[in-house]
Structures are given as C-alpha cells and as structure tokens.
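Visitor: I'm new to this one. Can you walk me through what we're looking at?

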Amino acid sequence: MLREITAPLATSVARDRRFMVVFVGAFFATWTGVMLIHFLGNPDGLFPSPRNPSRREQAWKTRQLQRLAREGRAPTVLVLGSSRMVQVLPRQIDQITKGRSFNFAAPGSTPLDMLAQLRFALTNGSSLTHVLIGIDDQAMFGGYDTTHELRIITAPEQFAQLPLQERIRLALRAPVQVKPELTWRAITSAAHPPGLPVVQPAQAEHIMFDDGYLTHPKLVRERHLKKWDPRQVLAEKIKALRTQGDDVLLYPHGAAISERHVRYLRELLALCRRNRIRATVVLTPVYPVYDELVMRPVERELRRELSRRIERLCRRERATYRDLSSVESFDGVPFEFWDFVHLTPHNIRRMTNVAFGRRPDQGLAELPTDFQLIRAPTPVHSLNTP
Amino acid sequence: VLFNSYEFLFAFLPAVYVLYWYCGRGFRWRMAVLVLASYAFYSWWDWRFTILMLLSTGANYFAARRMTTLPSERVRRRKMLLIAPIVVNLALLAAFKYFGFFTRVAADLSQFLGGGPLPALALILPIGISFYTFEAISYVADVYRGVTKPARSFLEYACFISMFPRLIAGPIVRYADLEAQFRAHRAGAFDEIAGPPPDHVRIGLTLLAMGMVKKVLIADRLAVAINPWWSALAGSALIGPAESWAAVLGYTFQIYFDFSGYSDIAVGLGHLFAFKLPQNFNSPYKASDPIDFWRRWHVTLSSWLRDYLYIPLGGNRTGHRTRNIMTTMLLGGLWHGAAWQFIAWGGWHGLLLVATHGLQRIGWLPDSGARQSRPRYWIVRQLTFVLVVVGWVLFRADGLDVAGRMFGAMLGSGDGHVVALRDAPAVELMLALCAILWAWVNFIPNSFELAYRTPRRLSYAALGGAALACCAIYFGTKTDFLYFQF
C-alpha cells in the first residue's frame, strides 16, 4: 500500500526536480550569455573588454601611464581626485615642482580609487616626489551614485591594487552595469570592435592629452567666440533647481562622513609618507550661489567637520592640507565654473597655486590657455589612441 | 532588499531555500528558518523597524492567546483583549503613516484661519506596516469571533506575520488561509520527501518568472515611457490630449502589471516554501462592472475591507448601504496613502459602487456575474474599464491640482503651449502599445490560470528560466514596486 502511494509521489518529485534543474540551467545559460556579450562588446565602456577596451578616463589614463613608463617618461608628480580635479594642468605643476606631472583624476574618484591609483603608479615604475590630492566632499558623504565606484573595473591594473574585500564587493556588483537597451550594440561591437572616433580634436566634446589633462574643446571654442557664458548657463541652472526635487542636493539626506573613505584616505597618506612622497591635500569648492541655495546649516557644519578631520589626518601623516572649499580662499572669480561643481581653468589654476603655497596668480601668464591647447593638441591624445 | 535585485535572486533566495529544505528537518526548523530569513529580509531595509514588527507580533499573539484562555462568560474582558490590540495596531499605523498628513492638514488649516504657520512633521513609514497591521487585526478579530483558532506557537504566528514573500506588499493573508497549511507542515507532510512537495516548485518558478516579466519587462518599461509626461504636468507644463491619454492608459497598465507582477512573485515564492498564498488579482480589467472590479483587483484587500470594515459597519442590512460603502472606500483610499488624492480615488470608486448598486436595483444593470447579452456585456465592461482609468488619474497624480490638469488635458482643454518632451516616446507608439496591452488583459488568461494549468514540460521550464534571466539583466536599473509606498 505504501509503495502504491509513494511511487507516483516519487515520480512527481523527480519530475519537479528536473523542471527546476532545467529552469535554473536555462536561467544561468541565458544570463551568462548576455553578460558575456556585454563584457566583450562593452558598448558603454564600463567593462575591461579585451575586444573593445574602455575609453573612459580611468581606463585610458591607466594605459597612458603604462605607455609613459614604457617610454621612460614615468611621472614624478601625480594629481589625484574626482572630476573636479581633471582640469588641474600638469604643466602648471611642472612649473611649480620642477617635476614631470600626470593628471590621474577621474570622475567620482574617492580615496579608495586614489589609493589604487597611487599603488598602481608605484608598481608601474614611477618614482614619485609629490602628489596633489583633491578631496571631493560629495564623495566623502556618499553623494555619488554607487555606480561611480564601479568605474575602476574598466582599468584591471588599477582594480588589482584594491584591497581584496573591495575587489570582491565590486566584482559582485559589476553585472548591474549592463544596460539591456545596448544589447544590440554590444553584439555588433563584440563582432566588429569600433575604430577610433572620426572627429577633429578641436570639435570634440572632451579630449585628454598625454599628461592626463582633460578639456572640453567645444565649450572652450564657444567661449572663445563669446557664444558661451558661464554666468548665463549658471543662472539657467539655478532657475531649474526648483523643479528637480532632491536631485539638486549636494549631500544626500542624513549624510554622514564615510568612515570607510576616511580610512582609505589615511592609508593613502600613510603610503605617501612611507614612500617619502610629499602629499598636498585640498578640499575643493562648488559654485557659491548653488552652495548658498542647497546647503543647510547642519550640512555646512558637516563640511567644516570633514575639513577638521582631514586636517588632523594630514597633520598625523605629515601631509599639507588646505581648505579651498570657498572661492575666496584662492581669490577666484565666483562665476568661473562650467557647472555647479566644476571649476573653469581660470579658477582651477589659481586653486592649484594656492594649494602649493603660491600667490593665486603667480606664473599664470606663462601657461597656455585651453584654447591654445586645443589648437595644438599633444601628439598622443585620447582621440587617437584606443 | 527587493525581489528584482541580484542580492535577492542570487544570494538570499537560494540560501534560504537550501537552509529551509535541505539543512534540517521538521516543522520547527523550517519555521525558524523562514522567520529568521524574513526578519533578515526586513532588516535589510532598516533594522530598527524589525523591533517594531517584533513588538507588534508579540502583542497580538499574546492578546489572542489570552483571549482564548478566558471563559466565555467574561465578555468584557474578552472584548478588551480584542479592542486593545486593534487600537495599538491602528495607533501604530496612524503614527507612522498618517502623522505627517494630519500635521500638514493642521498647518494648512492654521494658515487658512489666519494663525501662524505650524511645522509640518513626518515620520519614516516602516515598509509593509499597512499590510502586516491589517493581518494582525484580522487575526485577533477572527480569534475573538471563533473563526479561527489561535496560533499554536509564537514561531507559527511570527511566520504568519513576517513571511518574507508577502511581507512588504501583500497579498494580505489571513491566519485562516494558512492554518491548514501550518497543520500539514506540523504533521510532517513534507518530511518524507527531501525537498518541496510536487507541483509547488513548478508553480512557484512559473509564477516567479511571470511576475518578474510583468514587473521588470512591462511595468518598469512603461514607467520610463510615461513618467516624463506626468513630471511635465507636475511641473505646470501643458501636454496635449493624445499625450495625456497615453500617460493615463500607460499608468493603467503599469500599475496592474507592477502590482499583479509583485503578487505573482510573492505567491510563487510562497510555493517554493510549500505555502499557497491567496490570489490577489483575477484579471481585474475583465471586470463586468465596478462591483466585479473590486472582486478582481487587490482581492485580499477588498475582501479584508468587506469583512472587517463594511460588514461590521452594517453592510447591506441596516439600510445605510450607501454610507457604509462610501466610508469603506474612503478609508480604503486613505489606506493607500496619506494624501487627498488617494481619498478622492477611494471616493470615486465608492461613487461607482453606489451607482452600480443603484442601477442594478432599478434593473438597468444585471447583477454582477449574471448572464447578459454579449454586446451589452462588452459595452458595460469597457465602460467600467474607462471609469477605472479615470480613477487612476487621481491615484497617480502628485496632488489634486495635477489631477485636475490631467483631466483638463484629457478633455483637450488648455490652449497654452504644449511642450515637446525630450525623453517621452512617440505618442502614437505609446497608444499602440496600450492597445496591445489592452488586448492582453482582455483576452489572455491571467498568470494564475496559466501557472496552475501549465503542464510539467521541460520546454516551459527552459522558457521560464530564460525569461527570468532577461528580467535579471534589467536589475541594474532598479525601481521600487509601486505598492511598497503604501
């Protein structure tokens, strides 16, 4: 009797298990296939594809640093930081330090990225004397979208320099970067990797020069022709603020200083000290009107607290710290911003001078303008190398 | 953690499944795994509110337990043990969900009466509180009325309240729904087989895949398409009649596929742990009239409102049917959100129900579910659909003023400049898509009919697995389930 009942039950259970095995198998086969296509095709430049290498800042600058090391021109000074630092001009730092500088800054960089970048530069043969570190307060408060931290995946050599737990954490999150709507582009670029962009350097949206300096040729040209005025653009952006809800906030609600980032900043400064590299740390500013509108007293206090903590950290690790979070601190022009958070060269060169303890306008007349730079770009730049 | 996330699908669910079925035996083990997993699931969002849930669970469990140990002649004491937990449950709901709303109303009133401005305060809404509070109320009420026996153990009751598949957004389960299933688990019905019982896996995985397709591939894509129109309208821009109809129809299908997709996933997950949860959506857009709509839309909520609000208010019997319907629907609207537009939405559906009852009484409409001529049936059915669509305007709008502007746009009013939106799709394309979805919801069997009828073919398993993988690829573009906010 028992056998009569259990026999069909056992058959049903076995059939259900087969159903489950096929279901799970089909799931993983499909998912892995699509992931592989996106990884190889790399339509958005977010993966370290061997077929279609990423052209994003971190990936390109890493390859460029390797190229410089191979040519025996490894830098002696590094600029680290987020997109707020990408326009720090290496030639200006060469002028100040008498060294050979490279701008390694990349959008959304946090102390963790900077630590990986410095480790990579040291293992890549650079004998560094100076490092200029730009701290982005948004990053220290978790103000960036979490996808920013995944950008390091595009540069495997940098990624390998991350602490193990961070590598595991980021690798597990890598699949969220897949954009399903780009699947067809992923298939075509996996089959036929796209060539270099057909665009004149002076017409491009962005260009990175061989020393890692990034500029915006189109905007620079428009500004030169007086077709683009930061005052007008910023006024329009300020007007649009009221319709953007919480998107406008500099820090997220309930922001707190990220202890994780503070820990990695300490490690970064300690690494500099151990290698006898002079570290200069600056806290970068935002557009004053925007700051005035979106920051509440509690957030201002939070930023002051961040500044105090970085200062203490720098003192302990024998680094130089300068709080340049206000435009006045480097005698800048309040409207010289591309947008709310990115300084134009006019301001950023003053900021760089003050960071190194010089007068804001010292030696600026000897430096080329961005307009001159885009008219005669360096032989190697991001538009002519993969 | 969301169902449509890698953390859930790749780590949480497989880990809990393996622990539940393969790492231990017996009822206590499985219940303990499920309760701990559910609390872990809940604390992923905010661990502090697990304490609130635990306290609520304990209070209701012990009140019901004490109620049954009292002799039946101690009526007042028993009533106290019924009223006290209900008051506590509603107070918690009021505090967390409606405090902000009432302070806003008080502030507006104060300003209107010429008083000084009052500070508007709001508390964080603990996710799922509306759902588990209603379940707790139904439990103590059912125990009091003798409809169900009290839970055998705290573990069993905690499992009923916190079971993670339906913790966040339902279906609203009653203890009576699960009592027999707990009994089967307790009796060791599944101990002989190492793994879930037959059919549960097949049905569970099929519903999981179908729910995910509805949510990720349909509802979320619709949201991306229609949100620019709604946002433009909220920002005081003007949109044309075609765009407004596309936005409203798009939302009509978005909310259905979103919420019914979530419910399918919840029921599917329940099956993976050998629990059959109630059906929450039964092809609501096939409803023959507004009464029928509420028998098909969010079935577990509407039946809860019927049994624990409408009938205690007197139901149809007292001659106050209209009053009772309106009260029930207005409160049902308020349950969805602490804002005037939800109350208006409840009121709109209340009026539709009252009108339908009235038309049935005078013979203009047949009773819901009664046979009627085909053309007439289709006309009333589509009219019902349009009336429901109108209601969704109130539900989706960010305020009554926005709803008013949307109604105006739908009627072609407003001669201002109609903005062209960069992110909005071509309106013709959107309307064509809505027509396809209309045909889907009108002519295709719903996911329950499909899942329970689907034969155990391996090709279906492969199709389901591949469909789920296609959904997983979208997990990078995360969106919440619409009903999480309620």
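**A first look at chain A**

Guide: Of the 386 residues in chain A, 53% count as buried. Keep in mind that this is a predicted model.

Visitor: What does the secondary structure of chain A come to?

Guide: Chain A has 15 helices and seven strands.

Visitor: Which strands form the open sheet, and in what order?

Guide: Five strands of chain A do, in the order β2-β1-β3-β6-β7. Their pairing is parallel.

Visitor: Why is one side of β2 and of β7 left without a neighbour in the sheet?

Guide: β2 (101–103) and β7 (320–323) of chain A stand at the edges. Each has a single partner strand, so one side stays without a neighbour.

Visitor: How many degrees are neighbouring strands turned against each other on average?

Guide: By 15 degrees, with direction ignored.

Visitor: Which helix packs on the sheet?

Guide: Helix α11 of chain A, residues 259–274. This helix touches β1, β3 (130–135) and β6 (278–283) of chain A. Its direction makes about 165 degrees with that of β3(A).

Visitor: Back to the strands. How many bridges join β1 to β2 in chain A?

Guide: Three bridges join β1(A), residues 77–80, to β2(A). In that pair, A:V77 stands opposite A:S101.

Visitor: New topic. What does the C-alpha trace of chain A span?

Guide: About 95 × 50 × 50 Å along its principal axes. The accessible surface of chain A comes to about 17800 Å². Carbon and sulfur atoms account for 56% of that surface.

Visitor: And the charges: how many positive and negative ones does chain A have?

Guide: There are 55 positive and 39 negative charges in chain A. Their mean positions lie 5 Å apart.

Notes: Residues are numbered from 1 along each chain as its sequence is written. Chains are lettered from A and ligands numbered from 1 in the order in which they are written. This is a predicted model: local features need pLDDT of at least 70, side-chain atom pairs count only at pLDDT 80 or more; totals for chains, interfaces and linings use all residues. Side-chain values use heavy atoms; hydrogens and water are left out. Two strands pair if DSSP finds at least two bridges between them. Helices (H or I, at least four residues) and strands (E, at least two) are DSSP runs, numbered from the N terminus. Axes are lines fitted to C-alpha atoms, for helices over the stretch in contact, and angles run from 0 to 180 degrees between N-to-C directions. Contact means heavy atoms within 4.5 Å. Buried means under 20% relative accessible area, exposed over 50%, partly exposed in between (1.4 Å probe, protein chains only). Accessible areas come from the Shrake-Rupley method with a 1.4 Å probe; for residues, only the protein chains shown count as cover. Lys and Arg count as positive and Asp and Glu as negative; His and the chain ends are not counted. The place of a charge is taken as NZ of Lys, CZ of Arg, CG of Asp or CD of Glu.
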